[in-house]
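Please read them beside the sequence and the coordinates.

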Amino acid sequence: MNWSGLENLLSGVNRYSTAFGRIWLSMVFVFRVMVFVVAAQKVWGDESKDFVCNTKQPGCNNVCYDHIFPISHIRLWALQLIFVTCPSLMVMAHVKYREGKDKKYMEGHPGSHLYANPGKKRGGLWWTYLVSLVFKAGFDTSFLYILYRIYHGYDLPKLSKCSLAPCPNTVDCFISRPTEKKIFMLFMVVSSAICILMCILEMIYLIGKRILKVINIRNENQRVVFADQHELTTIAPPRSQYRRVDPTLTESQLSLSKREKTEGRQKTTLL
């Protein structure tokens, strides 16, 4: 398996990921791929060769080994890493599709772009990124459950009992270096759980950021509508409304004063 080629492909995902996505990518390659390639394969390389049962019956060792190890840890982890990293390629494929679409648009419309930033998580790319997180967390959870069911709670006992045919009776079988294998298995389980946590936090971050953006846009639209409705409203009432009137004057004096002012305006007009 060419892990370096897979690393080169997924390194492009780092440009379009959030902070949580970058932590997830570092966890996958440093604590899972590197440990898998450098240490885990050597630790589990002797699982079949040094598996011993206290019987000379032909075929008994093979049957008991297949019963205790239905699937090799190495192959299961390799399959898990492939399934977990493949959804990230969905994001890269979507970005490449946007870049190609933008290039065709520029050929027909020189000087303009269809996407200001093809890698910006908006529209369909936002949904693609969110779905990829769901798939990554789902695949990791599924493989952890499979490992739990097959090996009975992530345990590797030093002594296993086997009574399957063609074994003549119940025989004792021994796994080579069970403590070391158990430590590596728990390490891979914990690193997978941390990756699931990073995916969940990234989903919460993306959804929360989108909700805040929608709320801000709605508030901004309400402010614009409010400003449009009140831009022609009179700021202050006419000064005549604030003219002071002597409260001691009677109604007849007030009417006489108004009549004198009216006659004065008429005389001024005639002159």
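1. Which side chain meets D172 in a salt bridge? The partner of D172 is K161, with 2.6 Å from N to O. A salt bridge here is a side-chain nitrogen of Lys or Arg within 4 Å of a carboxyl oxygen of Asp or Glu. D172 belongs to strand β3 and K161 to strand β2, so the contact ties together parts eleven residues apart in sequence. D172 counts as buried at 18% relative accessibility, whereas K161 is exposed at 53%.

2. On the basis of these values: the model is predicted, so local features need pLDDT of at least 70 and side-chain atom pairs count only at pLDDT 80 or more, while totals for chains, interfaces and linings use all residues. Residues are numbered from 1 along each chain as its sequence is written, and side-chain values use heavy atoms, with hydrogens and water left out. Buried means under 20% relative accessible area, exposed over 50%, and partly exposed in between (1.4 Å probe, protein chains only). Helices (H or I, at least four residues) and strands (E, at least two) are DSSP runs, numbered from the N terminus.

3. The structure holds five salt bridges. Among them is D140 with R32, where the closest N and O atoms are 3.0 Å apart. D140 sits in helix α5 and R32 in helix α2 (residues 19–43), so this pair ties together parts 108 residues apart in sequence. D140 is buried at 0% relative accessible area, and R32 is buried at 1%.

4. Another salt bridge joins the side chains of E220 and R223 (2.6 Å, N to O). Both residues lie in helix α6 (residues 178–230), three residues apart, or about one turn of the helix. E220 counts as partly exposed, with 40% relative accessibility.

5. Three disulfides are found in a search of the whole structure (cysteine sulfur atoms paired within 2.5 Å). One joins C53 to C173, at 2.0 Å from S to S. C53 is in strand β1 (residues 52–53) and C173 in strand β3 (residues 171–174), so the link ties together parts 120 residues apart in sequence. With 100° about the S-S bond, this link is right-handed. C53 and C173 are both buried.

6. Helix α3 (residues 60–68) carries C60, which is linked to C167 in the loop between β2 (159–162) and β3, 107 residues apart. The sulfur atoms of C60 and C167 are 1.8 Å apart. The torsion about their S-S bond is about 95°, so the disulfide is right-handed. C60 and C167 are buried.

7. C64 and C162 form a disulfide with 2.1 Å from S to S. C64 is in helix α3 and C162 in strand β2, 98 residues apart. At -90° about the S-S bond, the link of C64 and C162 is left-handed. C64 is buried at 0% relative accessibility, as is C162 at 2%. Numbering the bonded cysteines in sequence order gives the pairing 1-6, 2-5, 3-4.

8. C195 is in no disulfide, and the nearest cysteine sulfur, that of C199, is 6.9 Å away. C195 counts as buried at 0% relative accessibility.
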